[in-house]
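Please keep the sequence and the structure in view while reading the points below.

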Amino acid sequence: MKYIIIGAGPGGLTLANRLMEKGERDFLVLEKEEEAGGLCRSREVDDSPLDIGGGHFLDVRRPHVNEFLFQFLPKEEWTYFERDSKIRIHGRMINSPIEANIWQMDLTDQVEYLKSIAIAGCNLDEPMPEKFIDWIYWKLGKKIAEDYMIPYNEKMFGENLNQLGTYWLEKLPNVSFEETLMSCLKRKAHGVQPGHAQFYYPKKYGYGELWRRMAEHLGDKIQYGVRAKTIDFEKRTVNGKYKGEMIINTAPWTAYERLDGLEDGLREDISCLKSSSVVITYYEERLDTEAHWIYCPEPKESYHRILVRHNFCKNSRGYWTETNAQRKEERKGRFSYENTFAYPLNTIGKREIMKRLLAWTKERGVIGLGRWGEWEHYNSDVVVDLALNLADKLTLRGI
């Protein structure tokens with residue numbers, strides 16, 4: 001084949017469909033599961049769809065991405081939502097992000113948080129620290145750090161937070177004392193809104209329906225039940241069987257049994273890449289909230305987030321939790337699913353590792369794409385954007 005695409009998640013499916021749209025049919029997608037979608041797959045649980053990879057929604061901020069995806073699941077089959085996300089803290093619910101909604105707390109707590117933010121390092125023009133925990137204190141102040149950010153991130157990424165770097169946080173705006181004070185005085189959120197402030201979710205299906213249809217459109221261009229165990233960089237083969245002029249990898253680099261021809265230094269680099277596993281557990285009870293999802297920093301609870309299914313998936317009930325698989329949890333829900341590869345971790349040195357690895361593999365006709373191919377915590381709309389751009393470059397150059 002001209003192109004061998006490893007993985008039928010959002011990246012692989014988008015790339016393949018865009019290639020087909022451009023008239024290119026000399027490709028094959030290899031998928032280890034018996035269904036497409038990757039982390040965005042859905043299952044029918046309790047007579048309604050449940051997203052087994054966690055909470056996934058279609059952000060509205062990239063219209064060209066949505067326009068492409070609406071070819072497969074038309075816009076009239078989606079519901080538009082204004083995000084309602086909550087944080088459960090101090091025994092009460094407040095809106096997210098925390099720094100914009102301190103005004104919803106008791107007055108005593110507001111004063112303490114404001115005092116803490118006022119002397120945070122970013123508001124005193126101190127240089128940004130290199131260690132992640134130090135960065136949290138510098139960015140948000142002691143109170144938010146210890147009440148919310150540190151316990152939440154420990155639950156999500158593991159207790160050794162200082163293995164994470166700070167390079168991936170540079171794009172975040174500073175938590176301004178003036179804006180926080182203004183939100184408390186005016187009693188309304190002030191400042192930059194978080195991602196997925198507006199989003200789409202299918203009316204009748206789970207998020208996985210979109211990717212199922214995209215896979216269906218490819219017909220026999222996908223082979224299921226084929227796990228990519230090896231890549232030979234010299235021969236450009238996968239599993240010693242599938243040969244391509246170019247290989248596009250969307251699978252985790254650490255999941256391969258062999259990477260033949262890879263430089264020893266890069267082997268060591270790959271062994272340094274870290275990721276987390278997440279368990280999704282479904283509960284049938286209906287929660288008394290209008291929130292779409294709830295962040296839960298309390299250490300006594302094993303899970304870090306609740307997805308309130310009945311508030312974004314019509315005619316459904318119940319909710320599901322997301323829990324780091326390393327945390328002990330008594331799973332009493334009716335259904336649970338473990339995602340071995342859920343989040344790539346932005347560990348110290350990862351940026352340099354991936355720069356070296358992707359440059360070396362690209363020279364040999366193997367391109368990393370998406371959350372796992374690039375080892376970046378991308379949302380699905382970002383992955384689709386990257387895949388569209390890659391397909392356009394490949395077909396434009398005739399590679």
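**Briefing on selected features**

Helix 1 is mostly covered, with 11 of its 12 residues buried. The model described here is predicted. The points below begin with this helix, continue with a sheet, and end with a cavity and a pocket.

**Helix 1**

- Helix 1 comprises residues 10-21, which is 12 residues in total.
- From its first C-alpha to its last, helix 1 reaches 16 Å, close to the 16 Å expected at 1.5 Å a residue.
- The buried residues of helix 1 are Pro-10, Gly-11, Gly-12, Leu-13, Thr-14, Leu-15, Ala-16, Asn-17, Arg-18, Leu-19 and Met-20.
- Gly-23 follows helix 1 and has a positive phi, near 90°.

- In general, the strands of a sheet pair through backbone hydrogen bonds, in either a parallel or an antiparallel sense.
- In this model, an open sheet of 4 strands has the order 13-12-11-15, and its pairing is mixed.
- Strand 13 (242-243) and strand 15 (258-260) are the edge strands, each of which pairs on one side only.
- Strand 11 (residues 230-232) is paired with strand 12 (residues 237-238) in the antiparallel sense, over 2 bridges.
- Within strand 12, Thr-237 is the residue that stands opposite Asp-232.

**The cavity**

- When the whole structure is searched, 1 cavity of 30 Å³ or more is found.
- The volume of the largest cavity is about 30 Å³.
- Its lining consists of Phe-157, Leu-164, Trp-168, Pro-344, Leu-345, Asn-346 and His-377.
- By residue type, the lining of the largest cavity has 5 nonpolar residues, 2 polar residues and no charged residues.

**The second largest pocket**

- The second largest pocket has a volume of about 790 Å³.
- Two or more residues of the lining of this pocket come from each of helix 1, strand 2 (27-31), strand 20 (335-344), helix 10 (370-373) and helix 11 (380-397).
- Strand 20 gives the most to this lining, namely 5 residues.
- In total, 39 residues line the second largest pocket, and those nearest its centre are Lys-32, Gly-38, Leu-39, Pro-252 and Trp-372.
- The lining of the second largest pocket divides into 18 nonpolar, 13 polar and 8 charged residues.

Conventions: Residues are numbered from 1 along each chain as its sequence is written. This is a predicted model: local features need pLDDT of at least 70, side-chain atom pairs count only at pLDDT 80 or more; totals for chains, interfaces and linings use all residues. Side-chain values use heavy atoms; hydrogens and water are left out. Two strands pair if DSSP finds at least two bridges between them. The expected span of a helix is 1.5 Å times one less than its number of residues. Buried means under 20% relative accessible area, exposed over 50%, partly exposed in between (1.4 Å probe, protein chains only). On a 1 Å grid over the protein atoms alone, a cavity is a set of points where a 1.4 Å probe fits but cannot get out, and a pocket is an open set with protein on both sides within 12 Å along at least five of seven lines; lining residues have an atom within 4 Å of a point. Grid points are joined across faces, edges and corners, and a volume is the space filled by probe spheres set on the points. Ala, Val, Leu, Ile, Met, Phe, Trp, Tyr, Cys and Pro count as nonpolar, Asp, Glu, Lys and Arg as charged, and the others, Gly among them, as polar.
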